[in-house]
Amino acid sequence: MTAYPQMTAAERTAEYACVQQKFEELKARNLKLNMARGKPGKAQLDLVSDIFGFMNKPEDYVSDGIDVRNYGDLSGLPAAKRLFAEILGCQPEQVFVGGNASLQLMYDTISKACTHGMLHSPRPWCKEPVVKFLCPSPGYDRHFKVTESFGFQLVTIPMTDEGPDMDAVEKAIQDPCVKGMWNVPKYSNPDGIIYSAETIRRIAAMKPAAPDFLLMWDNAYCIHEFEGDYVEFPDILSECAKYGNEDMVFEFASTSKVTLPGGGISCFACSEANMAYMEKLLTVQIISFDKVNQQRHVLYLKNKAHALELMKRHAAVLGPKFRAVVDVLEREIAPLGIARWQRPKGGYFVSLYAMPGTAKRTWELCKEAGVTLTNAGATYPYGKDPEDSNIRIAPSLPPVEELEQAIEVLCTCLKLSALEVLGV
Ligand SMILES: Cc1ncc(COP(=O)(O)O)c(C=O)c1O
């Protein structure tokens, strides 16, 4: 098959008629498929549902002498801190174990920066005339929305194969209005990139003009390989400490995609000084988080090695779904020269770069044919992809048979929109 850009006008017209007919056939199937959000599929939820069988003996309610059923221990059960610390490679006393969502902890950290300031803030951020936040893009739409909702100016930082473009970051942080930066350092959402050692070193060594610069390190996919073995990853807290930046970083993680999304446990990890500051603020807000669920998770996951075994079983479900997506793209789209993508080994997404100017149109066509994708543009600040190119594919929810149909639709729509732009 000749690549579309190399085809003659007549060839493209013939191809368009062919693809259009295929599109009509697909529409007639009345599909209702969803590849919009990174939700685990039913098979994964079934895999972990034995968690409900835990905590039925009286001794299960006691952890390190603490009755988990009662109020107390604001920063979480010591055993839950040990579990997250082992997974993240930091110290248990650096971990605060929260409730069912790390996003809430992230929102709350930003919110506290606004209302009270961070540890080294000269004043609360709400008193600053302008607050800017660095958004490596494409990135996680909900991160961008959090900082947008507080009225910050979102600064797009291009992503490279090694993580955020550090030349751009180092330049941007010379502006004292730049107060922080979002990161998904391992299997980034959506590109599936693992930040390189050099990128991490440069991040840890940053010298921002703002004294209260906040490095948001969302390690959401820290043990989420679906292809190959677990990949070790440096502890950002000790990396930052090497450069005297121990108070710059807050790391986040959760078990949302280990056990139950919305029914798991989450944490942040930070320096001792930050921990004391956050505990002072949090103690006004809540007596203690759900220690019953923390204990359930400690009993269920046990330790990092045991959690990694569980992740292998998730991988056995997820791997074939990702392979189905990428294999079809490689077969159907690669020869046409109209899109590129990564082949991720972990995380929850395939990041597809369609021909510039066609992402929105592809999204609309997919919708017309009954396939829901994440909104085109959602992976960029303010929902605006300057190239109108990136499409985030979330293959985890549909079963493989449905996924194959959804990808068939996506490929057809990619072809149609590319032909429209190239001219037929
Ligand atoms: C990068 C990233 N962070 C956080 C979350 C949400 O995590 P939680 O359920 O712990 O709030 C997601 C969910 O898709 C995500 O992709």
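I began with S254, where an N or O atom of the side chain sits 2.7 Å from an oxygen atom of the ligand. A reminder to myself before going on: this is a predicted model.

I then asked how much of the ligand the protein hides. On its own the ligand has 390 Å² of accessible area, and the protein covers 88% of that.

Next I looked up two further side chains at the ligand. K257 places a polar side-chain atom 2.7 Å from a ligand oxygen atom. N189 does likewise, with a polar side-chain atom 3.0 Å from an oxygen atom of the ligand.

Which residues make up the surroundings of the ligand? I found 13 of them, and the closest are S102, D218, Y221, S256 and K257.

**Peptide bonds**

I went through the backbone with a simple expectation in mind: most residues other than glycine have a negative phi, and most peptide bonds are trans.

N189 came up again here, as a cis peptide bond joins N189 to P190, with omega about 10 degrees. P190 belongs to the loop between β8 (178-183) and α7 (197-204).

I noted another cis bond, running from S137 to P138, with omega near 5 degrees. P138 is placed in the loop between β5 (132-137) and α5 (141-149).

**Positive phi**

Y187 has a positive phi, near 50 degrees, though the residue is not glycine. I traced Y187 to the loop between β8 and α7, and P190 is in that loop too. Is Y187 buried or exposed? Its relative accessible area is 3%, and since buried means under 20%, Y187 is buried.

N30 also shows a positive phi near 50 degrees in a residue other than glycine. I located N30 in the loop between α1 (9-28) and β1 (33-35). With a relative accessibility of 66%, N30 counts as exposed, because the cut-off for exposed is over 50%.

I finished with L419, which is found in helix α13, residues 400-422. L419 is buried, with a relative accessible area of 0%. From L419 to V258 I noted 161 residues in sequence and 41 Å in space, C-alpha to C-alpha.

Key
Residues are numbered from 1 along each chain as its sequence is written. This is a predicted model: local features need pLDDT of at least 70, side-chain atom pairs count only at pLDDT 80 or more; totals for chains, interfaces and linings use all residues. Side-chain values use heavy atoms; hydrogens and water are left out. A residue is near a molecule or strand if one of its heavy atoms lies within 4 Å of it. A polar contact is a pair of N or O atoms within 3.5 Å; within protein, one must be able to donate a hydrogen and the other to accept it, and residues adjacent in sequence count only if both atoms are side-chain atoms. Accessible areas come from the Shrake-Rupley method with a 1.4 Å probe; for residues, only the protein chains shown count as cover. Helices (H or I, at least four residues) and strands (E, at least two) are DSSP runs, numbered from the N terminus. Buried means under 20% relative accessible area, exposed over 50%, partly exposed in between (1.4 Å probe, protein chains only).
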